[in-house]
Amino acid sequence: MQDSKAPIIDFGPDNGLKKLSISEVIDIEEMAWAPKYGLKGMIDASVRVKVESGRNKADEKIVPLEFKTGKVSNGQSSMEHVAQVILYTLLMSERYLKHIDSGLLYYLQSDQTRGITVQRSDVVGLIMRRNELANDILKASRTQQLPPMLQSLNMCRSCRHLDVCTIYHKVHGGSKESSGLGDLFDSHVHHLTTAHYVFLRRWDQLIDLEAKETQLVKNRIWRPHSLKSDRSTSCLSSVVLDTSDRVPYQKSLKDNRFIYRFVHKKMPLHDVHASGGESLSFPSSSAEDFDYTLKSGDYVIISTKFGHQTVASGFITDISRSHVSVSFPKHLRLPGSNSSSEAHNLFREVWQIDKDEFMTSFSVMRFNLVQLFLQSEQSSHLRKMIVDLEAPRFDSGCIFSQDPALSYIWSVKNLNGDQRRAILKTLTAKDYALILGMPGTGKTSTLVHAVKAMLMRGASILLTSYTNSAIDNLLIKLKAQGIDFLRIGRHEVVHEEVRANCVSAMDVHSVEDIKLRLEQVKVVAVTCLGISSPLLANKKFDVCIMDEAGQITLPIALGPLMFASKFVLVGDHYQLPPLVQSTEARENGMGISLFCRLSEAHPQAISALQSQYRMCQDIMELSNALIYGDRLRCGSSEIANARLKFSGLQSCSSWLKEVLNPGRPVIFINTDMLPAYEAKDSKTVNNPIEAYIVAEVTKELLNNGIVGDDIGIITPYNSQANLIRASVNVTSVEIHTIDKYQGRDKECILVSFARSSENPRNCTSSLLGDWHRINVALTRAKKKLILVGSCKTLSKVPLLKLLVEKVEEQSGIINVSKTDINYEEHKGELKRCSHIR
């Protein structure tokens, strides 16, 4: 606006009226972090203004501009608005590295602008209140002691948090006297029992323990001058913008976002001499870190590596071993840079990308948990099932010839008896049913037919799981059957075959169009964390089907269940449990999923799928002996006798011929006769000789006609996976940790255990001692399972000792020695590999 027409803004009694004009809008909805003060916020607008104050003197400064929908008020809300602007000046002072002493409030309804001048006393008071709040939160998380209630009947009566506040007060020993609310307090908590208080208090404490485990990562982001490890499991360090396109970003027309592509900064090369004298060059940081710690869909924070300035937050749209692409709601901009030099400055900057631990699920967990204890009919029903563990009800008999769903299930020819019984269980359930889907038993096919049967009854269905991939695997099969559905979720993280059914792909022009689509469609799919989408507000379903329920923590699982009259949990609690970082939380029960809790309380609610169509007989017998107690069976003789087919075995060393022998589906390559010892560095563990053996076996598999896509390599340790990738160097061969392989299978699987000691007294590895993980590792192979490790070391773990004995019964142990693997010949290569992390 022109200076002559600049409005006059009132900056209060101490600073008076000033003529002010905006010369530049620097940013809109600017996210700002101030680690020094422990604050972050999103500023509506960051503007450059000219301020005239007598004698025609004009000052130019940067200020925050905050918009309010109402009109100027003089009450409590006015104080809050002023406090908000003052805190924004603190954030901007940190972000722009200059003192910002004023801000603007604009009220849309009354078209009035108010000037705010920052007083030191106001800043001190706000920081003190911030610290008091932080202290109360910290105290609550550590000691389970909440601050006292306000004891103000008038204020509390109309508070939207009254239900939650009274429940927590009661749970932590409060009463109507200490609440100051009298009968109003009792009316909000009278429905709860002592068992309910114990349950809520226990799970609240478990969530606190798990949240603490992420605190170190949060501190590393919030305390920018602390040391940042390049080996963080949730960080990509020393990355730069890809200059190949000469433009810093691509515009996504789909959602109007800006996608920036980052690559590793070219690092100095180390010269390493191989045994033959050949000079080899390796970068000092490995690009391979790109694809196991972070994944597509993860929320991230991007900051400058050397200036330690947090710049923006976004989410990963694509990640590979060579690059990572991040989507942001607007242009990346370094504070203080001007438009002419912006692109140049961005390309010159070295960046760090951290997983945004603030986007974790702890707030969702707490919200879901307390919803279970409200007075609503739905909460009461779930409380009886989940907390009180009342037995689920089923329709007795329910053999109605008129029921099209039952007629359909009996008519489907490709269902086995287990699958048919499981579907009938879901149809007769009044409260809930559980489907135990053991490895390779056709769980997804069973769910497809269950959904079709429920739709024949006219039921509305909510499909959910913790991961996008689990939901989309089921939806792809539903789509093949011609079943219509709506997929709620970000376009980038949804499988490409399902995207056409996303809300973002719909031809809609209003909220009413979306509501109409939701009313028309019978199947809606969303992740457990995506259930809070406003699209689902007040939406109710007849049935909620939750896949991979054995891997979902109880508080997260509660969210989708609130939306349905009954539910079906599908999973296998003999495979990987929920991922819990805190040892204390895990030991106190946070790793026990709702699926596991209900399975143990009411085995009669379980329908087990036991006929498997993945593993041949010998491989299946391992998991039967170790885990399933002979409950698994092969679905057909063809499955039982399936063998790996080679194009013709070429000449190779005798030990490799034994390994590849198709008549021996299970092989254990024992390294006890080699100096194949584990290498440790800080918390990482790897084994170079095992990596070399795996690479040699993989090479022979490929040479003999097995395609890379049919080979998978599994190891418990990220560091060993990195090492094997460097040794194998074949992109079509998938190499992952055990956790990444759940739900997947291959014709041939190699497992590298990595742990090996010269004088093993005991093997205390928590990963190898976890029978859930061992079960997953042993049940991924269809026709050939090749295990690599030290029998002597692994036998110190009781379960693995049983595994070694079982393979020995099948005559599957192959002892390799120095004559088989010339350690001296490959010493330089193995030493070089051992430096890869």
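The model is predicted: local features need pLDDT of at least 70, side-chain atom pairs count only at pLDDT 80 or more, and totals for chains, interfaces and linings use all residues. Residues are numbered from 1 along each chain as its sequence is written, and side-chain values use heavy atoms, with hydrogens and water left out.

Helices (H or I, at least four residues) and strands (E, at least two) are DSSP runs, numbered from the N terminus. Two strands pair if DSSP finds at least two bridges between them. Strand β1 (residues 8-10) runs antiparallel to strand β2 (residues 17-34), and three bridges join them. D10 has L17 of β2 as its bridge partner. The two strands form a hairpin with six residues between them. In its turn, G12 has a positive phi of about 95 degrees. β2 also pairs with strand β3 (residues 39-52), in the antiparallel sense, over 13 bridges. Here D27 stands opposite S46 of β3. Four residues lie between β2 and β3, which form a hairpin. G38 in that turn takes a positive phi of about 65 degrees.

Helix α4 spans residues 162-171. Its buried residues (under 20% relative accessible area with a 1.4 Å probe, protein chains only; exposed is over 50%, partly exposed in between) are L162, T166, I167, Y168, H169 and V171. They pack against α3 (153-157), α5 (176-179), α6 (183-189), α7 (194-213) and α10 (362-371), where contact means heavy atoms within 4.5 Å. Just after α4, G173 has a positive phi of about 90 degrees.

L632 sits in the loop between α20 (617-628) and β24 (633-634). This residue is buried, with a relative accessible area of 3%. Leaving out residues up to four places away in sequence, L632 touches M438, P439, T441, Q610, Q612, M615, M620, S623 and N624. L632 and G440 are 192 residues apart along the chain, yet their C-alpha atoms are separated by 9.8 Å.

Six strands form an open sheet with parallel pairing, in the order β29-β28-β30-β31-β25-β32. β29 (734-737) and β32 (813-815) are the edge strands, and each pairs on one side only. From one strand to the next, the twist averages 20 degrees. Axes are lines fitted to C-alpha atoms, for helices over the stretch in contact, and angles run from 0 to 180 degrees between N-to-C directions. Strand β25 (residues 666-670) runs parallel to β32, and three bridges join the two. N670 stands opposite N815 in β32. Helix α23 (residues 688-703) packs on the sheet and touches β25, β28 (711-715), β30 (746-752) and β31 (781-789). The direction of α23 makes about 160 degrees with that of β30. Helix α26 (residues 771-778) also packs on the sheet, touching β28, β30 and β31. Its direction makes about 125 degrees with that of β31.

Grid points are joined across faces, edges and corners, and a volume is the space filled by probe spheres set on the points. Two cavities of 30 Å³ or more are present. α15 gives the most, with three residues.

Conventions. 1 Å grid on protein atoms, 1.4 Å probe; cavity = no way out; pocket = protein on both sides within 12 Å on 5 of 7 lines; lining within 4 Å.
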